[in-house]
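Here is a short report for a reader who is new to this structure. Look through the sequence and the model first, then read on.

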Amino acid sequence: MRVVIAEDLFLLREGLIRLLEAYGFEVAAATDNGADFLAAVRKGGCDVAVVDVRLPPTFTDEGLRAALTARAEFPGLPVLVVSQYVEQLYARELLADGAGAVGYLLKDRVLDGAQFTDAVTRVARGGTAMDPEVIARLLARNAAPEGPVGRLSPREREVLELMAEGRSNAAIAARLVVTERAVAKHTASIFTKLGLQPSDDDNRRVLAVLAHLGR
Amino acid sequence: MSGYPAPDVIWYSPEERLPPPGGRHRGVGGHLRALVHAAGFLGLLLAGVVLLALTAGPVVVGGILLLHLFVHMHGQLPWPQDRADVLGVLASLACYGAVLPAALLAVRRLALRTSRLSARWCGVTIHQAYVPRPAGRHPDSSWLGYRKRLNWLLGDPATWRALAWLAVNAVAGLMLLLVPLLSVGAGIVAFIIPGINAFPGFAEGAVPRPAFPGNTSPVLLLIGVGMVAAGTMLAPLTLRGYAGLARWVLAPSAQAELQLRVAHLARTRSETLDTGAAELRRIERDLHDGAQARLVAMGLTLDAAGRLIDADPAAARALLYEARDASAKALTELRDLVRGIHPPVLADRGLADAVRALALDSPLPVQVTGTLPGRPPAPVESAAYFAVSELLANVAKHARAETAAVDLRHELGALRIMVRDDGCGGADPGRGSGLRGIERRLAAFDGVLVVSSPPGGPTEAVLEVPCALS
Ligand SMILES: Nc1ncnc2c1ncn2[C@@H]1O[C@H](COP(=O)(O)OP(=O)(O)O)[C@@H](O)[C@H]1O
Ligand SMILES: [Mg+2]
């Protein structure tokens, strides 16, 4: 799988390259600013992009904007945005086109190589990878006890969190140490309580849940 | 407990939310309105006179008794007969002391009312500068609280200006107002009504015919109409004169204004320096106890792992994971610290989007409206951001609200942000440190926070900071 990286800090860029290559990815280009990143993407042959939010020359949200531009030019281009901090505002903007194949993670998650590369793969395959912190804040907003999320059982809430992060039933089952059947049961119940149409497609399902929570 | 002192001058200039002066009393309708407004000012004036009489009552009684006492003492009369007088003097003094602060406050309120109305009705703006009221009651003794209140009232030049206005108003102001009002009133009552009555067959004799020269209906009517017309014509002019008089008496002198301004600047500057220093200390402590300590621990763990790696690879691996977790914790702490110093989203996107981000993080739905056509200066932006953050935190913590709304705009040379909730109300800067902290922080930029929060709600907080956008 070919990855294009945009990260301005040398150490972190090298670290990312080393990590991705160790897990069998091929790094097609490693850039340190938005313009070079866009040029590398336009050259084609990129399966997934990993982009830092803050890039030169502005050192503001240059990377995020480059990622959004790239996705506007190549609809559905898998993009994983990483940042020193996460904002729901940015998560919304990334999810806004409803096409999926996006990720938004804290840079801290790089520390767990297996989890991080799992997220990269998921995004590359059209899935979603949202940082637990984004999800936690999203759920906090929906936490009213009379609201649909407030009526979920604690176990269902756990499942919902993992599902909203973008994990598959199998991954959720492994994480919670239960069977996949049990997870499927919880998922069905969650969808009923939230008033959503159930869906077999994992990617669609995540987007529906995120859209529902982010209203 | 109020953590911080209140700002030391409240600037109030009534023109800010009003149409530009001039052109208020044009046309027939305008002239009639001027008459109504003159009557309104007259009402305020009478209220002032009544107030003066009520306040002066105890003084007059006390004075008479004192005189009585004085005469008696010089008449060498025995003491016991004067005891009642002495008591009377003391009682009137006590009575006077008790009502004094309330009366002074009322006088100030009348003056403020006058300046607001002269802006609204006559387009004459009268700037006000008040020394703000000291916080609530004195915790230890009501006597000290009373002294504090009285000192505040007597020490504020605005009080003396208001008193002067009461006197000037009762004489010169009254005369100005009476010109149009009397002219119209007398024209109607003394000439037009009798004039109409004088027509044969028109309720003959219902009103006695006044004995004016040329006592025939047409002449009477003519005089009456002339007087009404003259009064109406003059009304806008006298009204402007009246407002000008009010401005002359009520507006602080340039020197007084400068004095207040210097005091204000000195206070806010030293507060800003104090806050800055306190903030740096907090950051130092957070780093020292948080990230730094974790990095030390991480170093130790890694060292231990290095020593174990050959003898016990499994244990070494466990230690390495431990070090990794410690680094994740350090990162989280640093992130929170940075958020508290200068939120990245504010740096990235500016105030409007940063406020949107705050709204998204709030546990209740917050609607954000308005835009800013540019960016305020960075320190203003940051102060406004933390103000909104605190206000939204208050809504979540105290208001028991269903929804909240934030509106931001830049108008009349000032950044203006409103935060409103439909909660239980009762917000009181005196009861916490958050609202006072906002006031203090905004004061450094000449900004103000106005909170309206009646019991039962809704709460509306508006902050305004004069600044230009870039
Ligand atoms: N939006 C609000 N609705 C109702 N009450 C409020 C609101 N904001 C503040 N208050 C009340 O005013 C007091 C002062 O608020 P603040 O100065 O922010 O202090 P703190 O939040 O630290 O208690 C609070 O203790 C609370 O009782
Ligand atoms: Mg507070």
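This is a predicted model. The report begins at the ligand. Around ligand 1 there are 15 residues, and those that come nearest are B:Glu390, B:Asn394, B:His398, B:Asp421 and B:Leu435.

**The ligand and its shell**

Two helices of chain B, α10 (378-399) and α11 (434-443), each give at least two residues to the shell around ligand 1. The largest share, 5 residues, comes from α10(B). By type, the shell holds 3 nonpolar, 7 polar and 5 charged residues.

Some contacts reach oxygen atoms of the ligand. B:Lys397 places a polar side-chain atom 3.2 Å from an oxygen atom of ligand 1. The side chain of B:His398 has an N or O atom 2.9 Å from a ligand oxygen. B:Leu435 takes part through its backbone: a polar backbone atom there is 2.8 Å from an oxygen atom of ligand 1. Taken alone, ligand 1 exposes 540 Å², and the protein buries 86% of that.

**Salt bridges**

Side chains of opposite charge can pair when their charged atoms come close. Over all chains, the count comes to 35 salt bridges. The table gives some of them.

| Pair | N to O distance |
|---|---|
| A:Asp61 and B:Arg349 | 2.3 Å |
| A:Glu93 and B:Arg349 | 2.7 Å |
| B:Arg416 and B:Glu411 | 4.0 Å |

Where do the partners A:Asp61 and B:Arg349 sit? This pair crosses between chains. A:Asp61 is in the loop between β3 (48-52) and α3 (62-73) of chain A, while B:Arg349 is in helix α8 (residues 344-349) of chain B.

Is A:Asp61 buried or exposed? A:Asp61 counts as buried, because its relative accessibility is 2% and the cut-off for buried is under 20%. A:Glu93, at 26% relative accessibility, counts as partly exposed. B:Glu411, the partner of B:Arg416, is partly exposed too, with a relative accessible area of 35%.

Salt bridges link A:Asp61, A:Arg65, A:Glu93, B:Arg349, B:Asp353 and B:Arg356.

**A covered helix**

How many residues of helix α9 of chain B are buried? The helix spans residues 351-361 and is mostly covered: 9 of its 11 residues are buried. Among them are B:Leu351, B:Ala352, B:Val355 and B:Leu358. B:Asp353, a member of the salt-bridge network, is also one of the buried residues of α9(B).

B:Asn169 lies in helix α4 (residues 157-198) of chain B. At 5% relative accessibility, B:Asn169 counts as buried.

**A nonpolar patch**

Which residues make the nonpolar surface patch of about 260 Å²? They are B:Val59, B:Val60 and B:Ile64. B:Val59 belongs to helix α1 (residues 27-74) of chain B. With a relative accessible area of 42%, B:Val59 is partly exposed.

Technical notes. Residues numbered from 1 in each chain as written. Chains lettered and ligands numbered in written order. Predicted model: local features only at pLDDT ≥ 70, side-chain atom pairs only at ≥ 80, totals over all residues. Heavy atoms only, no water. Near = heavy atom within 4 Å. Polar contact = N/O pair within 3.5 Å; in protein donor to acceptor, adjacent residues only side chain to side chain. Areas by Shrake-Rupley, 256 points an atom, 1.4 Å probe, with all protein chains shown as cover. Helix = DSSP H or I, 4+ residues; strand = E, 2+ residues; numbered from the N terminus. Nonpolar A, V, L, I, M, F, W, Y, C, P; charged D, E, K, R; others polar. Patch = residues over 30% accessible without salt bridge, like charges linked within 9 Å, V, L, I, M, F, W, Y side chains within 5 Å. Salt bridge = Lys/Arg side-chain N within 4 Å of Asp/Glu carboxyl O. Buried < 20%, exposed > 50% of the residue type's maximum accessible area, 1.4 Å probe, protein only.
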